[in-house]
Amino acid sequence: MKITSRIILSEDKLKKGVKDVTLKMILPVGEAKNNSILGPLLGQHQINIMSFCNEFNNKSVLKYQLGVLVPVFVNLKKDKTYTLDIRYPYFSSFLEQFLVRESSSSIYIVAEKLFDIIKIFSFFQKQSLISVSYYVFGYLSSYNIRIKIR
């Protein structure tokens, strides 16, 4: 399980002594569990780790496929409560599900699936299909991923 984390505190909150903290993590959907990384990260803020894992797993499975890496923002309040904000997956982890590998150097994606990805990603980004298409085609060309028309 890949977990990355970062604690975000704005300078004005630090000056005022406000204890609201935002934790940013990248977790795989439905696979959060008490381990050596997640335990200390949440434990130092007195968050019940098992309740967090259950809540994250239950909420994330409803939105996304198992194992997809999603950014998670945990907003900690002064009264030791938290809110869980699960964002949409990064484009790279989203695209990875649809890639076909013929050999170690030959990777392609089927055009129909690519169009579906562009539609979904434009909905998430709240941008036009054209602007998302430019981003997607640039991404594909930079990683030498071909588009195959059936």
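**Exercise 1. Find which residues Ser122 touches, leaving out residues up to four places away in sequence, then describe its setting.**

Step 1: With contact meaning heavy atoms within 4.5 Å, Ser122 touches Gln127, Ser128, Leu129 and Val132.

A quick word on what you're looking at: this is a predicted model, where local features need pLDDT of at least 70, side-chain atom pairs count only at pLDDT 80 or more, and totals for chains, interfaces and linings use all residues. Residues are numbered from 1 along each chain as its sequence is written, and side-chain values use heavy atoms, with hydrogens and water left out.

Step 2: Ser122 sits in helix α5, residues 111-125 (helices are DSSP runs of H or I, at least four residues, and strands are runs of E, at least two, numbered from the N terminus).

Step 3: Ser122 is buried, at 9% relative accessible area (buried is under 20%, exposed over 50%, partly exposed in between, with a 1.4 Å probe and protein chains only).

Step 4: Its side chain reaches the backbone oxygen of Lys119 at 2.8 Å.

**Exercise 2. Work out where Lys126 lies and whether Lys126 is buried or exposed.**

Step 1: Look in the loop between α5 and α6 (129-142) for Lys126.

Step 2: Lys126 is exposed, with a relative accessible area of 74%.

Step 3: Check the backbone too: Lys126 isn't a glycine, yet its phi is positive, about 60°.

**Exercise 3. Say where Gln46 lies and what its phi is.**

Step 1: Gln46 belongs to the loop between α2 (38-43) and α3 (49-63).

Step 2: Phi of Gln46 is near 55°, a positive value in a non-glycine residue.

Conventions. Polar contact = N/O pair within 3.5 Å; in protein donor to acceptor, adjacent residues only side chain to side chain.
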